[in-house]
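Please look over the sequence and the model below.

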Amino acid sequence: MKSRTAVSAMALVCAMTMGLAACGQGDAKGGADGKPQSVSAATGNEATQQKQGLYTEGFNKLIDEHWGVPENFDSYQKLDIPNASTTSSISFPENITTLETAIEKLKEGKALSGGNQSQRTDAAVDKLLPQLEALLAQWKTLDPYYESRAYREDGLAKGKAAHAALMTAYQGAIAGISELDAALSEYQRASNAAKIEALTKSGHPAEASLIDAMQKADHFTTAVIEDNAAEADRLLPEFVAAAAKLRTAEAGLPADDENKSEFGSIAGYVDSMIGSWRDYKQSQSDYERESIVDDYNRAIDRMNDVEMPA
C-alpha cells in the first residue's frame, strides 16, 4: 500500500501495491505457454514486488501525517525564523528517526533488481536520496541548537543564517517526493489493471470489483486533491457505477465469507466519498474535500484486511 500526498493540500493513501507481469513471463492475458496466468503471476516477480514494497514503505514514512517531511516543512515555515525573536520559545520541527528509516528503506529497495518495471521509480529514488540526506544533515545540525536554546545566546544568528539552506533542502526533498509519488502511482495503477484482469479470468469477480472500485477511487481522489472539479465530475459516473458493482459483489458474498465485513466497510466509505463530493458541489467547503480523502484513507486501511486469492 502506498501513501501519496499533495504536499500543499491534503494527504491520501494510494491503491494497493501490485506488480506487473515480469518480462519474459507474459502478461495477465496469458503466460509464456499461452495459458491464463494465476492471480499471483499477474502481480509480477518477487524481486520487483520487494523493491516496490520497500520504496512504498520509505515513501509512506516520508509523508507520514504527523512526522513526514511536508508536515515538518509546514510547521517550520510557521516559525518564520527570519523574523522570529530570541524571546520566543522555538520548537524546531523534525523527526530524524522517521527520515532515517525512510532513507534506509529507499536504499534497501534500490539495491534490489527490479527490471524494466522499476526504471522510473529507480530514477526517482536516485534523485531523491541526496535531497533527503541534505535535509537530514540540516536537521541533525539545527535540532540540538534549538533544543538547547542556544539561539538565546547568539540572538538566533545561527538559525537565521541556516534558514535559506534549510528551505532549499526542504523544497528539493518535497519536489523529489512528488516525483517518486508519480512514479509509484504509475507502477501501481498499471499493476492494479493487470490484477483486475487476472482476478476476472480466474473466477474471482467480487475481488476484481473491489480493486476496480478502489482504482477508480484513486483517480477520483487525485482529481479532488488537485482541486480539478471538471476532472472529478468527468470521473464520477464511472466511479458511481463501480461503487454500485461493489455493493452488488458484497451482497452476493455468503454470510460466513471472511471478506464480507471488509467489503461492506469499504463500500460504505466509497459511497461516503461520492456523497461528500455531491455535498461539496453545493457547499464548496474544503471540509467536504477533506472528508473524501479521509474516507479514501479508511477504505485503503480496510483493504489491508481483505484476503485475496493466490
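In this predicted model, the structure holds 11 aromatic pairs. One of them joins Phe73 and Tyr170, whose ring centres lie 4.8 Å apart with 25° between the planes. Planes under 30 degrees apart count as stacked, and the pair of Phe73 and Tyr170 is therefore a stacked one. The two residues come from distant parts of the chain: Phe73 sits in helix 3 (residues 69–79) and Tyr170 in helix 6 (residues 157–201), 97 residues apart.

Are the two partners buried or exposed? The cut-off for buried is under 20% relative accessible area. Phe73 has a relative accessibility of 11% and so counts as buried. Tyr170, at 0%, counts as buried because its value also falls under the cut-off. Phe73 and Tyr170 also belong to one aromatic cluster, together with Tyr76, Phe92, Trp139, Tyr145, Tyr146 and Tyr151.

The chain as a whole comes next. Its secondary structure comes to 10 helices and 2 strands. Of the 310 residues, 49% count as buried. Among contacts between residues at least 6 apart in sequence, 73% join residues at least 24 apart.

Two helix contacts can now be followed in turn. Helix 2 (residues 46–62) packs against helix 4 (residues 96–110) at an angle of about 165°, and their axes are 8 Å apart. Angles over 145 degrees count as roughly antiparallel, so helix 2 and helix 4 are roughly antiparallel to each other. The crossing of helix 2 with helix 4 is left-handed. On the helix 2 side, the contact includes Lys51, Leu54, Tyr55, Glu57 and Phe59. Among the residues they meet in helix 4 are Thr98, Leu99, Ala102, Lys105 and Leu106. By class, the residues of this contact divide into 7 nonpolar, 4 polar and 6 charged.

The second contact is between helix 8 (residues 229–252) and helix 9 (residues 260–283), whose axes come within 10 Å and cross at roughly 150°. By the cut-off of 145 degrees, helix 8 and helix 9 are therefore roughly antiparallel to each other. Helix 8 passes helix 9 in a left-handed crossing. The residues in the contact of helix 8 with helix 9 comprise 16 nonpolar, 2 polar and 7 charged.

Technical notes
Residues are numbered from 1 along each chain as its sequence is written. This is a predicted model: local features need pLDDT of at least 70, side-chain atom pairs count only at pLDDT 80 or more; totals for chains, interfaces and linings use all residues. Side-chain values use heavy atoms; hydrogens and water are left out. Axes are lines fitted to C-alpha atoms, for helices over the stretch in contact, and angles run from 0 to 180 degrees between N-to-C directions. Helices (H or I, at least four residues) and strands (E, at least two) are DSSP runs, numbered from the N terminus. Angles under 35 degrees count as roughly parallel, over 145 as roughly antiparallel, 65 to 115 as roughly perpendicular and the rest as oblique. A crossing is left-handed if the near helix is turned anticlockwise from the far one by less than a right angle, and right-handed if clockwise. Contact means heavy atoms within 4.5 Å. Ala, Val, Leu, Ile, Met, Phe, Trp, Tyr, Cys and Pro count as nonpolar, Asp, Glu, Lys and Arg as charged, and the others, Gly among them, as polar. Rings of Phe, Tyr and Trp (its six-membered ring) pair if their centres lie within 6.5 Å; planes under 30 degrees apart count as stacked, over 60 as edge-to-face and the rest as tilted. Buried means under 20% relative accessible area, exposed over 50%, partly exposed in between (1.4 Å probe, protein chains only).
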